[in-house]
Amino acid sequence: MKLILVATFLAVAAAAPSSYNPEYKAPSYPEPSYPTPSYPAPSYSTPAYPAPAYPAPAYPAPAYPAPAYNKDNKYVDITITSQSDERNLDGSSQWSYAQSDYTTREESQVQKKMQGVTYDSYGKESYGEVLGNTNKGSSYWVSPEGEKFTLTWAADEAGFQPKGDHLPVAPVHEYELPVAPVHEYELPVAPVHIPFNGKGYKIY
């Protein structure tokens, strides 16, 4: 009898539809809150670099070929390669030029107060302060034989003063000044005249 009840109960349980459907809900956790990290400002020391030492550049001396001349000893076509000319309101000026045959020249002048002779409107001469030009410059050229020349000069109240290895040098004379002869003699004595009165008697 008990077996029949158990079997019946199991059959009813198997035939009954299952209505239990458990629902799973995901757990809800609060979002964590972290404090903003605080970092100290980095401190860097300024790097010290030793000053670089550069050797002075060495430039080779320029080698200029000797200018070419034709068989008739005439210059080939010479052109101006550079030139300048500057004039200033104060009366000073400077100019220069260079040629294709390596000839160069430069010159400058300034006005300077100096002592000199002046003339007024009536032609009367006087000596005093005047305004004059002083000049200085240099020039370089090559002769047809290939010899190089350099000339420098200055012109002022001391006159024209050129300098150059090709200029002649005045000889230096070393001598003693002549000595005037010494004459030793006695001065003549003037004669003494004794007057007479015409009768043979001396007049005292």
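**Figure 1. Salt bridge between Arg-87 and Asp-85 in the predicted model.** Arg-87 and Asp-85 form a salt bridge in which the closest N and O atoms are 2.9 Å apart. The structure shown is a predicted model. Arg-87 and Asp-85 are both exposed.

**Figure 2. Salt bridge between Arg-105 and Glu-107.** The closest N and O atoms of Arg-105 and Glu-107 lie 3.1 Å apart, and the pair forms a salt bridge. Arg-105 has a relative accessible area of 29% and is partly exposed. Glu-107, with a relative accessible area of 15%, is buried, because buried means under 20% relative accessible area. Across the strand pairing, Glu-107 stands opposite Gly-137 in strand 4.

**Figure 3. Salt bridge between Glu-157 and Lys-112.** The side chains of Glu-157 and Lys-112 meet in a salt bridge, with an N to O distance of 2.9 Å. Glu-157 counts as partly exposed, at 46% relative accessibility. Lys-112 also counts as partly exposed, at 35% relative accessibility.

Figure 4. Six strands make up an open sheet, arranged in the order 1-2-3-4-5-6 with antiparallel pairing. The edges are taken by strand 1 (80–87) and strand 6 (159–163); each has a single partner strand, so one side of each is left without a neighbour in the sheet. From one strand to the next, the twist averages 15°. Strands of a sheet pair through backbone hydrogen bonds, in a parallel or antiparallel sense.

**Figure 5. Pairing of strand 3 with strand 4.** Strand 3 covers residues 104–119. The pairing of strand 3 with strand 4 (residues 125–142) is antiparallel and runs over 16 bridges. Within this pairing, Glu-107 is opposite Gly-137 of strand 4.

**Figure 6. Stacked aromatic pair of Trp-95 and Tyr-97.** A search of the whole structure finds two aromatic pairs. One of them is formed by Trp-95 and Tyr-97, which are stacked at 6.2 Å centre to centre with 5° between the planes. Trp-95 is partly exposed, its relative accessible area being 26%. Tyr-97 is partly exposed as well, with a relative accessible area of 25%.

**Figure 7. Stacked aromatic pair of Trp-141 and Phe-149.** The ring centres of Trp-141 and Phe-149 are 5.4 Å apart and the planes are at 15°, so this pair is stacked; planes under 30 degrees apart count as stacked. Trp-141 is partly exposed, with a relative accessible area of 28%. Phe-149 is buried, with a relative accessible area of 14%.

**Figure 8. Nonpolar surface patch at Val-117, Tyr-119 and Tyr-127.** Val-117, Tyr-119 and Tyr-127 make a nonpolar surface patch of about 380 Å². Val-117 lies in strand 3. The relative accessibility of Val-117 is 43%, so Val-117 counts as partly exposed.

Definitions and conventions
Residues are numbered from 1 along each chain as its sequence is written. This is a predicted model: local features need pLDDT of at least 70, side-chain atom pairs count only at pLDDT 80 or more; totals for chains, interfaces and linings use all residues. Side-chain values use heavy atoms; hydrogens and water are left out. Patches are made of residues with over 30% relative accessible area and no salt bridge: like charges are joined within 9 Å, nonpolar side chains (Val, Leu, Ile, Met, Phe, Trp, Tyr) within 5 Å. Accessible areas come from the Shrake-Rupley method with a 1.4 Å probe; for residues, only the protein chains shown count as cover. A salt bridge is a side-chain nitrogen of Lys or Arg within 4 Å of a carboxyl oxygen of Asp or Glu. Helices (H or I, at least four residues) and strands (E, at least two) are DSSP runs, numbered from the N terminus. Buried means under 20% relative accessible area, exposed over 50%, partly exposed in between (1.4 Å probe, protein chains only). Two strands pair if DSSP finds at least two bridges between them. Axes are lines fitted to C-alpha atoms, for helices over the stretch in contact, and angles run from 0 to 180 degrees between N-to-C directions. Rings of Phe, Tyr and Trp (its six-membered ring) pair if their centres lie within 6.5 Å; planes under 30 degrees apart count as stacked, over 60 as edge-to-face and the rest as tilted.
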